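Work through the exercises below with the structure in view. Try each task before reading its solution.

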Amino acid sequence: MKTWWKNSVIYQIYPRSFADSNGDGIGDLNGITEHLDYLEKLGIDVIWLSPVYQSPNDDNGYDISDYQEIMRDFGTMEDFDRMLAEAHKRGIRIVMDLVVNHTSDEHKWFVESRKSTDNPYRDYYIWRDAKNGKEPNNWGASFGGSAWEYDDTTDMYYLHCFSRKQPDLNWDNPMVRQEVFDMMTWWCDKGIDGFRMDVISMISKKPGLPDVQAPEGAYGDCCSAVCNGPHVHEYLQEMNRKVLSRYDIMTVGEAAGVTRQEALKYASLDGKELNMVFQFEHTGITAGEYGKWTDKKVPLIPLKKILNSWQTELEGKAWNSLYWDNHDQPRAVSRFGNDDPAYRELSAKMLAVCLHMMKGTPYIYQGEELGMTNAGFERISDYRDIESLNAYRDYVESGRLDADTMLRYLKEISRDNARTPMQWNDRENAGFTTGTPWIAVNANYPVINAEKALKDSDSIFHFYRKLIALRKQYELIVEGRFQPILEDDEKIYAYERILGNEKLTVACNFTKDTVTCGVFTDVTGEELISNYTEHREGILQPYEARVLLTVH
Ligand code: TEU
Ligand code: CA
């Protein structure tokens, strides 16, 4: 079994915000093709492409109406084929985003399914009668309201864990599984290199669809009834037998609600299911009374405990993905680092060292290599994401939060933060489009942009290039055992990587304070990388990160 995905670095492109080639203000496939040289220079191996399939864009492409057509906003299938060929010419693989927990309500399967209770497609989706004149259970949808939508054509409700335009597929129906496997085979035969599988942990719902814990009269988080369900591993093993095992591809499952124990199955090194999963423990640390909505900063000790547990508990049994952000998360340097201009570059480089020296496959989200920051939007009219707009409506109109507080929370943690246009240069709209961008460009683009970074040998971009090159050079970085150190230190994230007689010592100061740190004292070795050129014995300077290789 090929394992090129173990020493690859993956770059996520959110196509709507990457590069617009035709002036309509929306990123597109030709825009990606025009920037493949930039990605080749960065040195990444694989692109994870967020959905580009036909979609009404209720959830920006995560609501698919035709899995084998390209969304008109993004171009044509010929544009896709050209991008794939140009990427492969540069040794870059393309992993597609597979969204099969649900389709769009405009997908032909659902159009048929809702027509009548005896339609051949009826059981492609999850339909239930009302219970006591209300929704079949108390599940809440991720974007607000009930997870059930009443459909008067057949006087029944259908399940949608996300928006009402994203009906959940019924994976217990073998015909649904076969349709999905056939579509996946069609894409693999086109020569793509794998799949990122959207909320794949949710495809097997608990039988009977029982109510979940929730205050009286309120909707509850349905994850306890839909995540890691009774047949999820059976279905993924079937997918592996019928599709995945037949191609030299990589797979990563976005596994909402996944635990380390469950990950030992999903991402087992035995290759029976997927290669790796995205977990959400470290990005969910600050969740509280208002769900994800907060302006709390991430405390380092809990962050270290979670990431260290994933490193040590999967060791030798399963494979980790490594990420700070993606199209659903705020910008890494704003959330985990410090986007104050005095510290932005230092802390972005520190975060890169901390993540890329760990064991697993690292993911870079578009713009993270530039140290792009949260958007800083001040008005609800700046926001575009269904999750942000629905949450603002639900929390503010219900009086649970006042508008200023909700705007402060959105500014800190909304998904829009990651979706502002890629900043290519200091010219109009940061070179993203010659038209009107679908979402505002971050005002700091004159300072933070690719053109400037490419010219500055000390930029975050060139720092990422060095990190990526190190992963290619040292088997120790890919295979070395992870060993936490300084676990109780509230300001330093430090660990070792050990393989044979080689050892990496990694230490990252997560604060703007100068802190004492003895891990490098009396250690003679080769410095692989650091965001400082001068060091001071026994201390770490603000946001200092350092990696020392020693041989015993
Ligand atoms: O995300 C699933 C998911 O868990 C997100 O809703 C995440 O929990 C939330 O955004 C964090 O606040 C996937 C896709 O990545 C996301 O873009 C889609 O909106 C969602 O599934 C539905 O397809
Ligand atoms: Ca365009």
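**Exercise 1: Charge**

Task: Find how many positive and negative side chains the chain has, and how far apart the centres of the two sets lie.

Solution. The chain carries 62 positive and 88 negative side chains. Lys and Arg count as positive, Asp and Glu as negative; His and the chain ends are not counted. Each charge is placed at NZ of Lys, CZ of Arg, CG of Asp or CD of Glu. The centres of the two sets lie 3 Å apart.

Some ground rules apply throughout. This is a predicted model, where local features need pLDDT of at least 70, side-chain atom pairs count only at pLDDT 80 or more, and totals for chains, interfaces and linings use all residues. Residues are numbered from 1 along each chain as its sequence is written, chains are lettered from A and ligands numbered from 1 in the order in which they are written, and side-chain values use heavy atoms, with hydrogens and water left out.

**Exercise 2: The overall fold**

Task: Describe the secondary structure, the dimensions and the surface of the chain.

Solution. Start with the elements. The chain has 16 helices and 22 strands. These are DSSP runs, numbered from the N terminus: H or I of at least four residues for helices, E of at least two for strands.

Next, take the radius of gyration, computed over C-alpha atoms; the globule rule is 2.2 Å times the number of residues to the power 0.38. The rule gives 24 Å for 552 residues and the chain has 23 Å, so it is as compact as a globular protein of that length. Along the principal axes, the C-alpha atoms fill a box of roughly 75 × 50 × 50 Å.

Then look at burial. Of the 552 residues, 62% count as buried. Buried means under 20% relative accessible area, exposed over 50%, and partly exposed in between, with a 1.4 Å probe and protein chains only. The accessible surface is about 21,000 Å², and carbon and sulfur atoms hold 46% of it. The areas come from the Shrake-Rupley method with a 1.4 Å probe; for residues, only the protein chains shown count as cover.

Finish with contacts, meaning heavy atoms within 4.5 Å. Among contacts with a separation of 6 or more, 71% join residues 24 or more positions apart.

**Exercise 3: The cores**

Task: Which residues touch the most other members of the largest nonpolar core?

Solution. A nonpolar core is a set of buried Ala, Val, Leu, Ile, Met, Phe, Trp, Tyr and Cys residues joined through side-chain atoms within 4.5 Å. The largest core has 157 residues, and F80, M184 and F195 touch the most other members. Now follow M184. Beyond four places in sequence, M184 touches L98, F195, M197, M239, V243 and L244. Another core lies apart from the largest one; its 20 residues include A141, M202, C227 and A256.

**Exercise 4: Helix α7**

Task: Which residues of α7 are buried, and what covers them?

Solution. Helix α7 spans residues 232-242, and V232, H233, Y235, L236, E238, M239 and N240 are buried. Their cover includes β5 (93-98), α5 (174-189), β10 (194-197) and α8 (260-266).

**Exercise 5: Positive phi**

Task: Where do N57 and N228 lie, and what is phi at N57 and at N228?

Solution. Recall the background: most residues other than glycine have a negative phi. N57 has a phi near 65 degrees. N57 sits in the loop between β3 (53-54) and β4 (66-70) and is buried at 17% relative accessibility. N228 has a phi of about 55 degrees. N228 sits in the loop between α6 (223-226) and α7, and is buried at 19%.

**Exercise 6: Two sites**

Task: Is Q12 buried or exposed, and what does Q12 touch?

Solution. Q12 lies in strand β1 (residues 10-13). Q12 is buried, at 1% relative accessible area. Beyond four places in sequence, Q12 touches W48, S50, N326, H327, I364, Y365 and Q366.

E487 is partly exposed, at 45%. E487 and I301 are 186 residues apart in sequence, yet 7.5 Å apart C-alpha to C-alpha. Leaving aside neighbours within four places, E487 contacts I301, K304 and N308.
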